[in-house]
Amino acid sequence: MIFIIYAIVIFVATLLGSFVGLGGGVIIKPVLDVINVHTLMEISFFSSCGVFAMSLTSTTRYIIKKVPIKPSIVLLIASGSICGGILGNYLFNLALTSAKETEIVMGIQSAILCAFLVCVIIFVSGNFKTYEIKNPVIILLSGLILGTTAAFLGVGGGPINVAFLTLLFSFSMKDSAVYSVAIIFFSQLSNIITTFINTGFKGFDLKMLIVIIPCAVIGGLLGSKLNRKCNENIIKVTFIIAVSLVAMLSLYNSVTAFI
């Protein structure tokens, strides 16, 4: 039964993740927290694996279809994200070892995620000024921030990526989704490698990957296809609805964890 539930969660999350740039982890992590079958560290690992498989599939499809992407922006943010992924993973492990109960860490993660998502919704729904940043140092630092946040929270960071990309480079929601998925690929790769170095995946329920990876690949393929076919307005509305639901779920997880 748990395989079926995980399959549905991963498929829906990665479909939306690739479609509107959510990444998938921002849905996978809170939902698996509610299901509460595996440990917090396992859930973060499953989320990273699903998001990585989705981002690899989607990015490959974008390259094959020759979707226009500025390599300089992707590589600079990705470089920062890789370093941020290592830092965020370190902070996550530090929080786990320092906290008396893992529920406290989950509550902190959920509260921070909820706050970020509310800010994302306000930004995307409003009419804020955007920029066209070209300074490589600022671009690199933005990647570092995004990577650290995504790794610590155990999510791909998709919604936050989309908001940052729109703000810093004046991208449309549609283009931001493409860049977000490409950046997530690098940040989650570093996160998985770091987890392996620290734990060797010892004690992880690796048989769940039999379901997680195929569902993430299928979701990534369908989502990237939808991204190219749908217009800007549909992507924006879908994004706001999905992020709003995840924000409410994160708030619920935070409250129940502290209670």
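How many residues does helix H3 have, and how far does H3 reach from its first C-alpha to its last? I looked this up first. The model I am reading is predicted.

**Entry: H3**

I find 25 residues in helix H3, which runs over residues 40-64. From first C-alpha to last, H3 reaches 36 Å. That is close to the 36 Å expected at 1.5 Å a residue. I then looked at cover. H3 is mostly covered, with 19 of its 25 residues buried. After H3 comes Lys 66, and I note that its phi is positive, near 60 degrees.

**Entry: H1**

I listed buried residues of H1, among them Tyr 6, Ile 10, Ala 13, Leu 16 and Phe 19. Ser 18 is buried in H1 as well. What covers the buried residues of H1? I find that the cover includes H2 (25-35), H3, H7 (158-169), H8 (173-199), H9 and H10 (232-258). Gly 21 follows H1 and has a positive phi, near 85 degrees.

**Entry: a surface patch**

I next looked up a nonpolar patch on the surface. Met 1, Ile 4, Ile 5, Ile 8 and Val 12 form it. Together they have about 490 Å² of accessible area. I picked out Ile 5, which sits in helix H1 (residues 2-20). Ile 5 has 31% relative accessibility, so I count it as partly exposed. I kept one rule in mind while reading the numbering. An α-helix has 3.6 residues a turn, so residues three or four places apart point the same way.

**Entry: Ser 224**

Is Ser 224 buried or exposed? I count Ser 224 as buried because its relative accessibility is 0%. I place Ser 224 in helix H9 (residues 209-229). Its side chain reaches the backbone oxygen of Leu 221 at 2.9 Å. Setting aside residues up to four places away in sequence, Ser 224 touches Ser 18, Ser 58, Arg 61 and Tyr 62.

**Entry: Thr 148**

I found Thr 148 in helix H6 (residues 136-153). Its relative accessible area is 15%, and the cut-off for buried is under 20%. Thr 148 is therefore buried. Which residues does Thr 148 contact, leaving aside neighbours within four places in sequence? I noted Gly 84, Gly 85, Leu 87, Gly 88 and Leu 91.

Key
Residues are numbered from 1 along each chain as its sequence is written. This is a predicted model: local features need pLDDT of at least 70, side-chain atom pairs count only at pLDDT 80 or more; totals for chains, interfaces and linings use all residues. Side-chain values use heavy atoms; hydrogens and water are left out. Helices (H or I, at least four residues) and strands (E, at least two) are DSSP runs, numbered from the N terminus. Buried means under 20% relative accessible area, exposed over 50%, partly exposed in between (1.4 Å probe, protein chains only). A polar contact is a pair of N or O atoms within 3.5 Å; within protein, one must be able to donate a hydrogen and the other to accept it, and residues adjacent in sequence count only if both atoms are side-chain atoms. Contact means heavy atoms within 4.5 Å. Patches are made of residues with over 30% relative accessible area and no salt bridge: like charges are joined within 9 Å, nonpolar side chains (Val, Leu, Ile, Met, Phe, Trp, Tyr) within 5 Å. Accessible areas come from the Shrake-Rupley method with a 1.4 Å probe; for residues, only the protein chains shown count as cover. A salt bridge is a side-chain nitrogen of Lys or Arg within 4 Å of a carboxyl oxygen of Asp or Glu. The expected span of a helix is 1.5 Å times one less than its number of residues.
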